[in-house]
Amino acid sequence: MAILSRLLRTLVTAIAILWASAAYAQPVGQCNDVTRGQAFAIYANGFMQQIGNPANMGNYVRDPSGQTFIRFPSVTPQFNAFFVDWQWRLVEINRFTGLNQVGTCNFNPYFVPQNPYMGLQLPAMQPGYYVEVPGGQIPVPTAFARPDEPFGGVMITGESQARGCAQSSMAGGTLDRARFGDCMIRNMVGQRERAVYDCARSSGDDNAIALCLVGALGGNNERAAAQAVSKCYTEYGTDWSRYPLCMAGGAVGGDAGKLIACMEQQGKTGDVTLLGTAACYGADRFNLNPEMQIVAGCAAASGGEPYTFAGCAGGQLTARELDKCFSHGIGGPNGCFGPNNTIVQGLRSTGQFFAQQFGPTNDIVRTWNQAVTSLTTAPGPNNTAIRTLRNVGNEVGRGTNNVAREVKKVLPRIRCC
C-alpha cells in the first residue's frame, strides 16, 4: 500500500506539472522567499510550484480583502499565510506579529491589475445638508440628499402598547426606565428602523455600527460583505493589514474588499458613518430616504439609548411624551400616549394653523387633519397617515416662512438650506 500511495502521489505531481507546463509553458512571475531560501514559479491559471522542488505545489487565490493581490496556500490559515501585495512584495501575515516582508516577486506587467481600491474617492457631501444629532451633525452625501424632501415621520404608539410595555418592564415593583424606553421604541418604529436601532444597541463603536447597518439595510451582497468584515473587525479592529489572514480561513461573499476600503479611507479623513460608507460602497444598493437617514444618524449618535434616540429621530414631541409616562402615568386624559397626547396636540395645532393660513376647506388642511384623526384612532408605525403627514410637510415645510416653521415644530427633519 505504501508503494502504491507513493506511485499515486508521483503520478498526480507529474500530471499537474505537465498540465501547467503544457497550458502555460512560461510562468507569469516568480516569487523569492529570501528568509527561507526558496522560490516559486507563478502561472496565470492559478497554479504555483517551488522551483527545484516541483512536488511542492498548489493554487493561489485572489485576496478578497483587497489589501493584497493574491494569497498562497497555507496549511495553517488561522495562524499565518503568505501573500503578494500590490507592490509585488512577498509578505507573511502572522496572527500574532502582523505583516512582515519575506521576499520579492517579479511579474509580467499584464498579469497584475491595478489595485481596484487605490485612490478610492470618498463621496462628496451636500453643502448645508445634514442630520442634526445630539452633540453634532452628520453630513449627508450628495448621492442621498433630497433637499425637496427633508422631513421624516413622527414616532407614536397607543395607550394599550404603552401599558403593555410598562407591564413587561417592571423590576422589583418599579418601572425600569431603560427597558420601558426600549419596548416603546420597538412599538413606534417599523421593521427597517428597528433593525437600525438594534444595530446601534448591539455594536460597540461607529465602525461596528456602520458594518451592522450595511448588512441590515443592504441586499444579500452587502449582508455577506458586512458579515465577513465584521468578523475581522471583532478580531483585529482597524489593523486592516491583518484582514487578508482573517479572510484566509473560509469563503468570503460580497464585495468585502470595497467595504474595507471605504471604511479605511473614511477613518483617515474623519468619522466612519453609515451614510458615508453606503455612498462609497454604492448608493444604489441602499434605499436611504431622508427618513432612514434621520433614523440611522440618530441611532449611531445615541448608541441605541432609547430616550436619546426618540428625541432625535422622533422629535421633541415624542421625547416629551415618553417623559410624561413617568410624571403623569400612562393613558387617560393626562397620561402619556392617551387620545390627547402631546404628539397629537402638536399635530392638531399645526392643522389649525394651516386652516388660518389656507382656509378650512383647503386640500392641504383636509389632508393633514384627516391624517391626524387616523393616527389618533390607530397610532403606530404601519399607519399610512405617517407617510401622509411627511408628504404634506415636504410640500409646505421648506423655507423660512411661518408655515415652514410650524411644520418644523412637529416633524423630524434633515437640516437643510
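Modeller: Quick ground rule before we start: helices (H or I, at least four residues) and strands (E, at least two) are DSSP runs, numbered from the N terminus. This is a predicted model, where local features need pLDDT of at least 70, side-chain atom pairs count only at pLDDT 80 or more, and totals for chains, interfaces and linings use all residues. Residues are numbered from 1 along each chain as its sequence is written, and side-chain values use heavy atoms, with hydrogens and water left out.

Biologist: Okay, which residues sit on the covered face of strand 1?

Modeller: Strand 1 covers residues 29-33, with G29, C31 and D33 on the covered face. Q30 and N32 are on the uncovered one.

Biologist: What makes strand 1 and strand 2 a pair?

Modeller: Two strands pair if DSSP finds at least two bridges between them. Strand 1 and strand 2 (residues 38-42) have 5 bridges and run antiparallel, so they pair. N32 stands opposite A39 in strand 2. In their hairpin, with 4 residues between the strands, G37 takes a positive phi near 65°.

Biologist: What does strand 9 do with strand 8?

Modeller: Strand 8 (residues 89-94) pairs with strand 9 over 6 bridges, antiparallel. N94 is opposite G98 in strand 9.

Biologist: What is the strand order in the open sheet?

Modeller: Its 9 strands go 4-3-2-1-9-8-7-6-5, with antiparallel pairing.

Biologist: Why are strand 4 and strand 5 called edge strands?

Modeller: Strand 4 (53-59) and strand 5 (61-62) each pair on one side only.

How values were computed
Buried means under 20% relative accessible area, exposed over 50%, partly exposed in between (1.4 Å probe, protein chains only).
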